[in-house]
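Have a look at the model, then follow the points below.

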Amino acid sequence: MIFSSAQLTLQLAIVLPLVATLAIAVAKERPNIRETISLSVSAFLLVIIYTLYQDSAAGNTSQVIWLDMLPGLSISFATEPLGLLFALMASFLWLVTNVYSIGYMRRNQEKHQTRFYQFFSISIAAVMGISFADNLFTLYIFYELLTLSTYPLVTHKGNSKAKQGGRVYLAILLSTSIVFFLLAIVGTWLVGGTLDFTSGGIFTSPSSPPW
């Protein structure tokens, strides 16, 4: 499959933080290099998102399908103004938070700093997936990835209070997303036949009041 430059840029926005995760792991014994990688990637991601934002402002849109599972059910991404604005804000905040985190981690001599930066990068990749999700199914997958990847950040201190907070965090987010969000997604797909975000809504024919 041949992708356009805009499609490649869109995918790079999601994949780049994951690549940073591997690079950070390789540099775990060299804090200066590890943190330079984290800062550099966050700055580069901001440039990428801004490029996509300018492209969208010029009236261009991009869509990428990673996997077609069933009719109306795929893992796909697209650029649209609100998602791009969200991604732009998130990438900017990642850069700012990276600067703060480096000072905080070093000053407090925190343990497991490499693990922190790794899961921070994974969580940003999840945020990018959420921002560019082209349907509810893709949104759900990356929402769950965000929940799981931020758990180690919540429990980073490793004390009993942090661990308890982490358990509550997972219990609330996973239970509600599975019991309510996933159920609603399945119902929407069965009734509407698709989960794509569509102008005017997914349901093209009248549904019964309970649905």
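**Aromatic pairs and their surroundings**

1. Let us begin with Phe120, which counts as buried because its relative accessibility is 11% (buried means under 20% relative accessible area, exposed over 50%, partly exposed in between, with a 1.4 Å probe and protein chains only). Please bear in mind that this is a predicted model, where local features need pLDDT of at least 70, side-chain atom pairs count only at pLDDT 80 or more, and totals for chains, interfaces and linings use all residues. Residues are numbered from 1 along each chain as its sequence is written, and side-chain values use heavy atoms, with hydrogens and water left out.

2. Searching the whole structure gives eight aromatic pairs (rings of Phe, Tyr and Trp, the last by its six-membered ring, pair if their centres lie within 6.5 Å; planes under 30 degrees apart are stacked, over 60 edge-to-face, the rest tilted). Phe77 and Phe142 make an edge-to-face pair, 5.5 Å centre to centre with 75 degrees between the planes. This pair links distant parts of the chain, 65 residues apart: Phe77 is in strand 2 (residues 73-78) and Phe142 in helix 5 (residues 136-154) (helices, H or I of at least four residues, and strands, E of at least two, are DSSP runs numbered from the N terminus). Phe77 is buried at 0% relative accessibility, and Phe142 is buried at 9%.

3. Phe120 also has a partner: with Trp94 it forms an edge-to-face pair, 6.3 Å centre to centre and 70 degrees between the planes. Trp94 belongs to helix 3 (residues 81-107) and Phe120 to helix 4 (residues 113-132), so the pair ties together parts 26 residues apart in sequence. Trp94 is buried, with a relative accessible area of 1%.

4. One aromatic cluster is formed by Trp94, Phe116, Tyr117 and Phe120.
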